[in-house]
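Dear colleague,

I am passing on the structure we discussed, together with notes on what came out of it. Please look at the sequence and the model first, and then read on.

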Amino acid sequence: MIVSKFGGTSVGSANNIKKVIQIISDKNKKTVVVVSAMSGITNLLIKAGELAVSGDKEFINVFNKIEQKHLVTAEVLFKNNKDRKAFIKDQLDQLKNTLNGVFILNDLSPKSHAKIVSTGEILSSFIIAEAMKDYGMNVELKDSSELIKTDTNFENAGVNYHKTYQNIQSYFNNFDSDVVVLPGFIASNKNGEITTLGRGGSDFTAAIIANAVNAEILEIWTDVSGMFTANPKLVKQAKPIKNISYQEAMELSHFGAKVIYPPTIQPVLDKKIPIVIKNTLAPKDDGTLISENANDKKSIVTGITHIEDIALLTLEGNSMVGVPGISKRLFEALSLEKINVKFITQASSEHSICLAIDLSEAESAKQAIDKQFEFEMLQHKVDPLIVENDLAIIALVGDNMKSHQGISGKMFSELGNNNVNIRAIAQGSTEKNISAVISKYNVKKALNTLHAAFFEDQIKLLNLFVVGIGNVGGKLLDQIKRQQKYLLEHQHINMRVIAISNSRKMLFEPEGLDLFDWETELSKKGVKANIDAFYNRVKKLNLRNSVFIDNTANSEITLQYPKYLKDSVSVVACNKIACSSAYENYKNLKKYSRDYNASFLFETNVGAGLPIIDTLNNLIASGDEISQIQAVLSGSLNFIFNNFDKNSSFYEIVKQAGVEGYTEPDPRIDLSGVDVMRKILILVRESGKIMELDDIENESFLPVSSLKAKSIADFMETLKLEVQHFNNLLSEANKNDCRLKYVASYKNGKAKVGLQQIAKDHPFYNLDGKDNIVLFFTNRYKDQPLIIKGAGAGAEVTASGIFGDIIRTGNK
C-alpha cells in the first residue's frame, strides 16, 4: 500500500486537483490519499478567528473569500451536482456560525480555534474524493478524526499512538476501495472533540497512517521537486537532493527546510518506511528519496538551511561559574512560558549561556528570565539578559561531515571572507550539523557563499559594480563580454556586471546585465546617477564577492572607498586620486582592505596595464628594498613629445593626444605634471616610504600663461599663443642631440618630476609612442636596474589592467 499526501498548493485549484487525480489514477496499487486544506485557506481561517475575537466585522469579508474559493472550485469540478454543493454549503454555514459565536462572545477558545481551522481539510478532502468518483475511481472518504486519537490539547495535540494505530489497522483490514481519501491535520480526543496536530500536521497524519498500515512508501507531494541543497528562492544554483537519510531530513526540516514537517519523520523512521518528496506540478521529476541508508552518496554536505526571525539571548555573569543549576533554572523559566529553544551554546568557562528562540517570543522570554534571576541581578552576580534581534540561524547538514576534517573551518572562513559576522556557533557531537547565528541581513549572501563552497564546481562568482563607462569603462565592459566564457571554463570565474553608472544615469540588474546591449538598457531603464544612492544599492543587495570599480577621475567617488571596503566590497581603482591623497587616507584604505578582507587594487594608477605596482609589491614582499626609481610614467606626455617636431605645433599634438584618448579630459592634469607626481608618489608609498604630494619637486615646462589658465579652453589657447616657448624647448634638445622626455625620479628620500633632455645612451631615449618605462634600483638590482617597459596609455590597455585587477580579486 502507498500513502500519498498532497499539500495545499497541490490541491489549491480545480486544475491542480485534476493533476492530483491523474497521479493517483496512474497507480496500480491501493493508495491512501491524505490532503491539506487548499492553499491559503488555513491562513484565512486563522485570520477570520482573530478578527472575530477582536470584534472586527472584517471577519465576514475573510469568510466570504473562504466560501468563494471552495464554491468556485466545486463549480468547476462538479458542475450542477446540488447534493455535493449542499454539503460544502453546510460546512461553510457551520464555520460561519462558529465565527459569529466567537464575535458575539468575544472569546476564541482552543476548542473553537481547532474547530475553525479544521474546516479547510474537511472541505478539501470531500471535494477531492467526490471529484475522483466522477473519474470512475473506486474511492472512499474517511474522517481522520475517527482514526487518530489525541490528548485534550486542542492545538498541537499529543497523539495516543496505541489507540490510533489500533483504529487505523482495524479500518484498513476491512476496506475494499482502491483509494481512501483522508483530511490531514485533524484528529479527536477521547470525548470525540476535534483536535489538531499543529501547522504542517497533514504530513504527520500521512506518516502515522503509513506506520499503521506498513506502507511500502510515503509520498509527499508539494510544489517543489524534492528537498534542495538550499532554498531555491534564495540560491539560484540550488540542486534537488536525490537521496537523503532520515537523520539528515530531520536536521534540515528542523532548521527551516519547509518541504516536510519535522515530526513527520519519526513514525516512518520507526518502521524504516522510505519517504519520497515529489512535485505535483512536475510529477515526472525524480524528487527526493528519504531512507535509512543514504550514506553511499559522495557529497560531504547534504544541504544548507536557515531559520529567519531569530532572537539571541545571552545570560552571563562572573558568579555563574561553577554554580550548579543555572542552566536548569534558565530553561525551566522558558519551559513554563512554552518557549521553544532552537539553538544552545555555552562557553567552557561557564561565564555565559547563549540560546536562540523565535523573535516573536523574545519579550516574554526576557521577562521570564529576568524574573527567574531577579535576586542575582540585584546582587550583580548575573548581568541583565542581553537580547539581540533580527538574526537568523544558518546550518550545514550532512551525515558524511563527521568523517571529514576542516568542514567547520571552511564554513567560517568563507563567511568571514564575505564579511558575514558570526554571533554564535553550535555543533552536535554527532557532527551532522554545524549551526551559526548571523544577521538576518546577511542570510542570502551567506547561503550563496556556502553553497558555492560546498556544492558548486569551485566556480567563484564575482559581482561587479562599475562606475565610469566612457572610453576606458566601455572598453572594460567589452573585454568582460568577450572573456566571460573563457574565464568560466578556464579560470572558474563567473563574472557578472550587476550595475553600471556614468555621470548622468545608473542601472542595476541583480541577476547581471546583458553586456551585448548595455548602452541601450542604460538609456531606457537607467535612473538619475547619484554616488550615495549607488553605494546604498550595493549595500542593500549585499552580494557575495562584490567588486566596486572606479574608472573615473572624480575625487568625490574616492571618498566612498572606505565605506565599500568596510562592507567587504573589493575596490579596483583606475582613479589615482585616492592613493595620491593625504598619506593618512592612503594608509587607512590599505588597513581597511586588510581588516575587512576586501581587495584594494590599483595597478592601472601607474603604467596603465603594465605590471609595475604588482612587480614592486613582489620585490618588497620578498625582502628587497628600493633605493632609486627612474621612470617615464606619462604615456600621454611621451606620445606628445615623441610626435612633437618642427613640422607640427605643440598645440596640434596636444589636441591629437586628447582625441586619441591619451590625455585626461582636462589636459592640464597631464601637462602640469600633477598626474606624473601622483604616479611617482604611489610608487614611493608602495615601496614602503612615507611621502606627501607636496613633498615632490615639480619642474614645470609650461609657460606662466598656461599655468594661470582658468579653463580648458583658455589653457588650449595659451598653447597656440606660446608656440615659440615650446619650439625653443624642442630646438634646444635637437641641438644637444637629445630627445625630450618627462621624467619622474626618486632617490635618497626625495622625488621630483620634470622635462629632461635624454641622451642617446640612456634607456629612455628610444621610448616610442605612448610607452612607459620604469627602472627599479634595489639592493638586489644595484648595477643593472629591473626594467618594466610597454604601452602606458590608451583605453584598451588601461581597461586590460583593470580587468587584470578584477581577476586578481577572484583568485584571492
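An open sheet is built from eight strands in the order S3-S4-S2-S1-S7-S9-S10-S8, with mixed pairing; two strands count as paired if DSSP finds at least two bridges between them, and helices (H or I, at least four residues) and strands (E, at least two) are DSSP runs numbered from the N terminus. Its edges are strand S3 (139-141) and strand S8 (243-245), each with a single partner strand, so one side of each has no neighbour in the sheet. On average, and with direction ignored, neighbouring strands of this sheet are turned by 20° against each other.

Before going further: this is a predicted model, in which local features need pLDDT of at least 70 and side-chain atom pairs count only at pLDDT 80 or more, while totals for chains, interfaces and linings use all residues. Residues are numbered from 1 along each chain as its sequence is written, and side-chain values use heavy atoms, with hydrogens and water left out.

Strand S8 runs parallel to strand S10 (residues 288-291), to which three bridges join it, and asparagine 243 stands opposite leucine 289 in S10. Helix H8 (residues 201-212) packs on this sheet and touches strand S1 (2-6), S2, S4 and strand S7 (217-222), where contact means heavy atoms within 4.5 Å. The direction of H8 makes about 175° with that of S1; axes are lines fitted to C-alpha atoms, for helices over the stretch in contact, and angles run from 0 to 180 degrees between N-to-C directions. Helix H6 (residues 119-134) lies across strand S2 (31-35), S3 and strand S4 (179-183), at about 160° to S4.

Another open sheet has six strands, ordered S12-S13-S11-S14-S16-S15 and paired in the antiparallel sense. Strand S12 (343-346) and strand S15 (422-427) are at the edges with a single partner strand each, so one side of each is left without a neighbour in the sheet. From one strand to the next the twist averages 30°. Seven bridges hold the antiparallel pair of strand S14 (residues 386-397) and strand S16 (residues 433-439), and alanine 436 in S16 is the bridge partner of isoleucine 394. Helix H11 (residues 326-336) packs on the sheet against strand S11 (303-316), S12 and strand S13 (352-358), with its direction at about 15° to that of S13, whereas helix H12 (residues 362-372) lies across S11, S13 and S14 and runs at about 30° to S11.

As for the whole, the protein chain has 30 helices and 29 strands. Its radius of gyration (taken over C-alpha atoms) is 36 Å, well over the 28 Å that the globule rule gives for 812 residues, so the chain is more spread out than a compact globule; that rule is 2.2 Å times the number of residues to the power 0.38. Along the principal axes, the C-alpha atoms fill a box of roughly 115 × 70 × 55 Å.
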